[in-house]
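Please open the structure in a viewer and keep the selection tool at hand.

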Amino acid sequence: MLRDLLLPGEETQNPEAALATLTSLVRDDLEACNRLIVERMDSPVALIPQLAAHIVSAGGKRLRPLLTLAAARLCGYRGTRHVALAACVEFIHTATLLHDDVVDESALRRGQASANALFGNKASVLVGDFLFARAFQIMTGDGSLRVMEILSSASATIAEGEVLQLVTQNDTATTEEQYLQVIAGKTAALFAAATEVGAVVADRPESEALALAAYGRHLGMAFQLVDDALDYSARQAELGKTVGDDFREGKITLPVLLAFARGDEEERAFWRRVLEDRDQQPGDLDMAQGLMRRYGTLAATIDRARDYGRAALDALSAFPDGAERRALAGIVEFCIARAR
């Protein structure tokens, strides 16, 4: 519950309403951001806007650009630079999704056919490159070297996280430290950058920029931990997503690491067969879910997400109470409540 995470004096709200509250708070800015996204996706090469529009409009919540817009407002910014930078953040995120789906050979994205399934791997990779290029054009147009440093560093870190995940994939000897390094790179880095630039455009002190970066980083860690638990949960199907994608791809996530560590040798042999040898048979996903229930690894993963959620809320204590801080606090529980 949000009341278990909140800082003293924070008000609780229905976690399902938290995203709506944040969206409403920055509605005009978000609409301007969406218009800019559509404008900057345009190209005389027809396949580019066609493919980009498919993934951009595929039901995403625009969470990362929302964080940029809200962070800038939290810092008292009243200009327009944050709108373009929010679009930049969304382009970086979308480009990574296109590339990830090719690497993972995913057929679905948010319950719909993935771009690579519809348009092919080559087109998805190249349009992902186009979106990265658009993001860097927006960064240079902003003119701030500090902003460029934050967002370009995040882009490099995301790539490092994805490569590390590729290296550790199918390896049950992966450590928790390596796993956390993967999700810090592939997910949390962009959350941190999205929030930090909000303070930078507002010309706030370095302490506030670091506090917002810490909020975003911890939020991103919590978000990915919940995603990794959901992949083995019946809740995933309720959200319109396929259960067991990580299992089928042999990804080493925290629920797997905990089940492997807590299991006996026969159970470890099962994990090696299905993840390392990729010898998966009918009923193996059910077996994996059963082992996770036996050892409570999904609950333990969500508990770890809550720890990061508390750290995110603690980072917000650097800012005075107000609508923006409460909305950002609500997003922490929104991210974790997806597991219910």
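**Before starting**

This is a predicted model, in which local features need pLDDT of at least 70 and side-chain atom pairs count only at pLDDT 80 or more, while totals for chains, interfaces and linings use all residues. Residues are numbered from 1 along each chain as its sequence is written, and side-chain values use heavy atoms, with hydrogens and water left out.

**Stop 1: helix 3**

Select helix 3, residues 47–56. Helices here are DSSP runs of H or I with at least four residues, strands are runs of E with at least two, and both are numbered from the N terminus. Which residues of helix 3 are buried? They are Ile48, Leu51, Ala52, His54, Ile55 and Val56. Buried means under 20% relative accessible area, exposed means over 50%, and partly exposed lies in between, with a 1.4 Å probe and protein chains only. An α-helix has 3.6 residues a turn, so residues three or four places apart point the same way. Contact, here and below, means heavy atoms within 4.5 Å.

**Stop 2**

How many disulfides does the count give? The count is 0, where a disulfide is a pair of cysteine sulfur atoms within 2.5 Å. For Cys33, the nearest cysteine sulfur is that of Cys88, 10 Å away. Cys88 likewise is in no disulfide, and its nearest cysteine sulfur is that of Cys33. Cys33 counts as buried because its relative accessibility is 0%. Cys88 also counts as buried, because its relative accessibility is 0%.

**Stop 3**

Select His99, which lies in helix 5. A polar atom of the His99 side chain lies 3.1 Å from the backbone oxygen of Val125. Setting aside residues up to four places away in sequence, His99 touches Ser124, Val125, Gly128, Asp129 and Phe132.

Next, select Asp100, Val103, Ala159 and Glu162 as well; with His99, these lie nearest the centre of the second largest pocket, which has 14 lining residues. On a 1 Å grid over the protein atoms alone, a pocket is an open set of points with protein on both sides within 12 Å along at least five of seven lines, a cavity is a set of points where a 1.4 Å probe fits but cannot get out, and lining residues have an atom within 4 Å of a point. The volume of this second largest pocket is about 250 Å³; grid points are joined across faces, edges and corners, and a volume is the space filled by probe spheres set on the points. Helix 5 (81–104) and helix 8 are the elements that give two or more residues to its lining, and helix 8 provides the largest share, 7 residues.

**Stop 4: the largest cavity**

Select its lining: Gln165, Thr168, Gln169, Thr174, Tyr179, Val182, Ile183, Lys186, Asp228, Lys251, Ile252 and Thr253. Helix 9 has the largest share, 4 residues.

Then select Asn170, in the loop between helix 8 and helix 9. Asn170 has a positive phi of about 70°, although it is not a glycine.

**Stop 5: Glu208**

Select Glu208 in helix 10, residues 206–230. Glu208 counts as buried because its relative accessible area is 13%. Apart from neighbours within four places in sequence, Glu208 is in contact with Cys75, Ala199 and Phe319.

**Stop 6**

Select Arg278 in the loop between helix 14 (265–276) and helix 15 (284–295). Its phi is near 55°, a positive value in a residue other than glycine. Arg278 counts as partly exposed because its relative accessibility is 41%.

Finally, select Thr301 in helix 16, residues 297–316. Is Thr301 buried or exposed? Thr301 counts as buried, because its relative accessibility is 0%. Beyond residues up to four places away in sequence, Thr301 touches Leu225, Ala229, Leu254, Pro255 and Leu258.

Terms used
Polar contact = N/O pair within 3.5 Å; in protein donor to acceptor, adjacent residues only side chain to side chain.
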